[in-house]
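Trainee: Could you walk me through reading a structure I have never seen before? I would like to learn one feature at a time.

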Amino acid sequence: MTKQEEKRIEKLKKEKQRMYEMFSYEREYERYSHICGIDEVGRGPFAGPVVAAVVILPRDCDILYLNDSKKISPKKREALYDKIYEKALAVGIGMASEKVIDEINILNATYEAMRTAVSNLPVEPDLLLNDAVTIPGIGTEQVPIIKGDAKSASIAAASIVAKVTRDRMMEEYDQLYPQYQFAKNKGYGTKAHIEAIKEYGICTLHRKSFVRKYI
């Protein structure tokens, strides 16, 4: 066996150990039949919706490299997105538009997106593993986990699904409003995005409550 092969095997061994630890919460609550991880993406951008995803993984899930979506490259996220949809027991998506965000504020809009995602699941979850928050208006038992997307495989999977879903939406919006470079900035307030707002004003996708000082 070459040193390169040894390193590859050792790296795989470490990843399998990391993933075993990522399922610690799922093992702790294994008495529940449908444990659902939930996370959102898009609380900070100047434009576009906030998107939430919920994922129920099988008990014998063998997906590797699940992690906080921000810690994974776009190419890896896309591959994991496909694998999650292939192997998950259920996936639900919910979102709240920029109009809703302006009407009820970003926190309440995030909760609304999460509730919608749960309601869109094809099966009824009996436990929610949440990334830090407790969602109001949901009767299902919830476990908030600080930095949960880096500690729970189910939450990490939801983080990846939400991120890829929203990024794809922003790339499509870029074709409608190329002047804002949504495909590149995903709606976040980069310097170039702010300059575009100053030059062109806002479009229907902008959150007025976020960009008020620039218009």
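This is a predicted model: local features need pLDDT of at least 70, side-chain atom pairs count only at pLDDT 80 or more; totals for chains, interfaces and linings use all residues.

Mentor: Residues are numbered from 1 along each chain as its sequence is written, and side-chain values use heavy atoms, with hydrogens and water left out.

Trainee: At what angle do the axes of helix α3 and helix α6 cross?

Mentor: Helices are DSSP runs (H or I, at least four residues) and strands are too (E, at least two), numbered from the N terminus. Axes are lines fitted to C-alpha atoms, for helices over the stretch in contact, with angles from 0 to 180 degrees between N-to-C directions. Here α3 (residues 74-87) and α6 (residues 153-176) cross at roughly 115°, their axes coming within 9 Å.

Trainee: Which residues make the contact?

Mentor: Contact means heavy atoms within 4.5 Å. On α3 the residues include L80, Y81 and I84, and on α6 they include I160, V164 and T165.

Trainee: Is T165 buried or exposed?

Mentor: Buried means under 20% relative accessible area, exposed over 50%, and partly exposed in between (1.4 Å probe, protein chains only). T165 has a relative accessible area of 15%, so it is buried. T165 touches V51, Y81 and I93, leaving aside residues up to four places away in sequence. Its side chain also reaches the backbone oxygen of V161 at 2.7 Å.

Trainee: How many salt bridges does the structure hold?

Mentor: A salt bridge is a side-chain nitrogen of Lys or Arg within 4 Å of a carboxyl oxygen of Asp or Glu. The structure holds ten of them. One of these joins D62 and K87, with the closest N and O atoms 2.6 Å apart. D62 is in the loop between β2 (50-56) and α3, and K87 is in helix α3, so the pair ties together parts 25 residues apart in sequence. D62 is partly exposed at 48% relative accessible area, and K87 is partly exposed at 28%.

Trainee: Where do E112 and R115 lie?

Mentor: Both are in helix α5 (residues 106-119), three residues apart, or about one turn of the helix.

Trainee: Which residues are linked in a network of salt bridges?

Mentor: Look for D68, K70 and D149, which are linked in such a network.

Key. A polar contact is a pair of N or O atoms within 3.5 Å; within protein, one must be able to donate a hydrogen and the other to accept it, and residues adjacent in sequence count only if both atoms are side-chain atoms.
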